[in-house]
Amino acid sequence: MKSSRRKFLQIAGLSALGWSICPSLLQASGHGGGEGGNGQGVRWAMAIDTRKLDDKLMEECVHACHSIHNVPKINSKQNIKWIWSAPFEKLFPGQMHKFLKEVPEEHTLALCNHCGNPSCVRVCPTKATFKRPDGIVMMDFHRCIGCRYCMAACPYGSRSFNFADPRRFLKEQNPDFPTRTKGVVEKCTFCAERLDEGKRPACVEAAKGAIYFGDLNDPHSEVRQVLKERYSIRRKPGLGTDPSVYYLI
Ligand code: SF4
Ligand code: SF4
């Protein structure tokens with residue numbers, strides 16, 4: 001058997017096992033890559049203030065993201081979402097108790113967590129999903145073969161698959177951002193294209209102070225400051241994926 005074919009089958013075998021593999025073992029084996037979380041370089045992170053977000057602000061955040069990234073609105077289960085609002089119970093199963101319901105809003109925003117130990121990266125056989133050194137988990141749409149292993153591996157439902165040609169559902173297009181084709185997976189990119197220009201993510205701007213963003217490895221960043229001052233939780237922390245999205249309660 002040719003070594004490239006053997007290597008592919010090994011990766012496919014790992015993919016079939018997917019997220020049942022112990023995260024610490026995979027971390028030790030070097031999968032997941034990147035410098036994030038080890039105190040070197042930049043690791044981008046977000047802190048969502050669940051008390052400041054209301055329905056209107058959340059809608060504006062979703063609109064800001066989806067309009068600039070050409071995310072189509074499809075009125076069916078095949079809808080594509082990069083950022084969305086969902087009830088606390090769904091986002092934090094096992095972390096809820098009845099008094100947490102006393103927070104003003106029972107919904108909050110969800111998006112890709114840009115995990116420090118991302119299960120989606122480990123299972124992608126073509127490396128279409130990869131992690132940048134600054135912790136951003138990216139998608140290369142051209143390398144995606146639509147196998148959807150990454151969707152099965154993501155425990156947060158953060159990825160969407162284009163069952164149909166998404167361009168048919170776009171009323172307007174942002175010419176500065178690529179559109180996608182049928183058969184590829186997509187998700188939030190932490191606005192990597194805006195960060196590379198020195199801007200903040202679009203949802204952070206639209207949130208008018210309700211979402212903090214910055215470098216987790218910089219003790220002076222606004223995200224570190226607010227994490228020092230406020231109580232925060234992350235989604236499904238027991239899975240060991242190490243999310244970079246924090247929720248201020
Ligand atoms: S939230 Fe899901 S898609 Fe995003 S990095 Fe983590 S495992 Fe991957
Ligand atoms: S960080 Fe950017 S891509 Fe991700 S949800 Fe916010 S606006 Fe969308």
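**Entry 1: helix H9**

I began with the face of H9 that points away from its buried side, and there I found the exposed residues Lys228 and Glu229. I am working in a predicted model, so I keep that in mind for every entry. Next I asked which residues of helix H9 (residues 222-229) are buried. They are Val223, Val226 and Leu227. These three span an arc of only 100° around the axis, so they sit on the same side of H9.

Then I looked up what covers the buried residues of H9. The cover includes strand E1 (44-49), strand E8 (211-215), E9 and strand E10 (245-248).

**Entry 2: serine 232**

I moved along to serine 232, which I located in strand E9 (residues 232-233). Is serine 232 buried, exposed or partly exposed? Its relative accessible area is 24%, so I noted it as partly exposed. I skipped the neighbours within four places in sequence and listed the contacts of serine 232 that remain: Leu227, Tyr246, Tyr247 and Leu248. Leu227 was already in my notes as one of the buried residues of H9.

I also checked serine 232 against aspartate 49. The two are 183 residues apart in sequence, yet their C-alpha atoms are 9.0 Å apart in space.

**Entry 3: salt bridges**

I looked up how many salt bridges the structure holds, and the count is eleven. I followed some of them by hand.

Arginine 132 pairs with aspartate 134, with 2.7 Å between the closest N and O atoms. A salt bridge also joins arginine 132 to aspartate 196, and here the closest N and O atoms are 3.4 Å apart. This second pair links distant parts of the chain, 64 residues apart. Aspartate 196 is in the loop between helix H7 (192-195) and helix H8 (202-206), while arginine 132 is in the loop between strand E4 (129-131) and strand E5 (137-139).

Aspartate 196 has 57%, so it counts as exposed.

Another salt bridge runs between aspartate 242 and arginine 234, whose closest N and O atoms are 2.7 Å apart. Through shared partners, salt bridges join Arg43, Arg234 and Asp242 into one network. Aspartate 242 is partly exposed, with a relative accessible area of 26%. Arginine 234 is partly exposed as well, at 21% relative accessibility.

**Entry 4: the two ligands**

I turned to ligand 1 and found 13 residues around it. The closest are Cys112, Cys115, Cys120, Cys154 and Arg159. I sorted the shell of ligand 1 by class and got seven nonpolar, four polar and two charged residues.

How many charged residues are in the shell around ligand 2? There are no charged residues in that shell, which has ten nonpolar and two polar ones. Among the residues around ligand 2 are four cysteines: Cys65, Cys188, Cys191 and Cys203. I also noted His69, Trp82 and Phe190, which are included in the shell of ligand 2.

**Entry 5: positive phi angles**

The phi of cysteine 191 is near 55°, a positive value in a residue other than glycine. Cysteine 191 is in the loop between strand E7 (185-186) and H7, and it is buried, with a relative accessible area of 6%.

Arginine 148 also has a positive phi, about 65°, although it is not a glycine. Arginine 148 is in the loop between E5 and helix H6 (149-153). At a relative accessible area of 35%, arginine 148 is partly exposed.

**Entry 6: the whole chain**

I finished with the protein chain, which has nine helices and ten strands. Of its 249 residues, 50% are buried. I looked at contacts between residues at least 6 apart in sequence, and 66% of these join residues at least 24 apart.

How confident is the prediction? The mean pLDDT of the chain is 85, and 81% of the residues reach 70 or more. Over residues 1-39 the pLDDT is below 50, and this stretch has 36 contacts in the model beyond near neighbours in sequence.

Methods: Residues are numbered from 1 along each chain as its sequence is written. Chains are lettered from A and ligands numbered from 1 in the order in which they are written. This is a predicted model: local features need pLDDT of at least 70, side-chain atom pairs count only at pLDDT 80 or more; totals for chains, interfaces and linings use all residues. Side-chain values use heavy atoms; hydrogens and water are left out. Helices (H or I, at least four residues) and strands (E, at least two) are DSSP runs, numbered from the N terminus. Buried means under 20% relative accessible area, exposed over 50%, partly exposed in between (1.4 Å probe, protein chains only). Contact means heavy atoms within 4.5 Å. A residue is near a molecule or strand if one of its heavy atoms lies within 4 Å of it. Ala, Val, Leu, Ile, Met, Phe, Trp, Tyr, Cys and Pro count as nonpolar, Asp, Glu, Lys and Arg as charged, and the others, Gly among them, as polar. pLDDT is the predictor's confidence in each residue, from 0 to 100. A salt bridge is a side-chain nitrogen of Lys or Arg within 4 Å of a carboxyl oxygen of Asp or Glu. The arc is that of the directions from the helix axis to the C-beta atoms.
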